[in-house]
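Try each task before you read its solution.

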Amino acid sequence: METSNRELQAAEYLERHQIKELLSYLTSALLFFRPEKPREYLVSLLERLRIAKVTGVAFPFFMDNSNIVAMFEMMDSSGRGTISFVQYKEALKTLGLCTEDEDLKDDGHIITLDKFKEEV
């Protein structure tokens with residue numbers, strides 16, 4: 001009983017402080033930029049995140065709108081303006097925004113550029 005209570009408290013803590021999202025972002029940024037000195041890069045990135053939170057300036061995303069559009073257009077080789085759910089899921093995995101064990105549900109809807117930008 002004590003263990004499950006501690007596990008529940010830990011899970012609530014992680015969720016409340018968005019720790020999983022933060023770690024996912026840091027990992028994705030590392031894999032995207034592949035800095036020569038990863039520890040120094042992470043310290044710098046965390047400092048920029050802290051400053052962004054304190055000052056209200058923009059969050060330092062590692063992909064901008066043009067990168068997201070370019071990625072979508074590469075997957076949408078026929079120019080239909082949509083991609084398949086499989087392509088969408090693979091893109092999220094490639095970017096580190098979705099883990100292998102994360103179960104994304106295909107709701108049957110096509111993925112548009114707007115939906116893709118919103119998710120990424």
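The model is predicted: local features need pLDDT of at least 70, side-chain atom pairs count only at pLDDT 80 or more, and totals for chains, interfaces and linings use all residues. Residues are numbered from 1 along each chain as its sequence is written, and side-chain values use heavy atoms, with hydrogens and water left out.

**Exercise 1.** Find how many helices and strands the protein chain has, and the pattern they follow.

Solution. Helices (H or I, at least four residues) and strands (E, at least two) are DSSP runs, numbered from the N terminus. Counting gives six helices and two strands. Reading along the sequence, you get α-α-α-α-β-α-β-α.

**Exercise 2.** Work out which residues of helix H4 (residues 65–75) are buried, and where they lie around its axis.

Solution. Buried means under 20% relative accessible area, exposed over 50%, partly exposed in between (1.4 Å probe, protein chains only). Start with the buried set: Ile-68, Val-69, Met-71, Phe-72 and Met-75.

**Exercise 3.** Trace what the buried residues of H4 pack against, then list the contacts of Ile-83.

Solution. Contact means heavy atoms within 4.5 Å. The partners of H4's buried residues are strand E1 (82–83), helix H5 (85–94), strand E2 (111–112) and helix H6 (113–119). Next, leaving aside neighbours within four places in sequence, Ile-83 touches Phe-72, Met-75, Asp-76, Tyr-88, Ile-110, Ile-111 and Phe-116.

Note on methods. The arc is that of the directions from the helix axis to the C-beta atoms.
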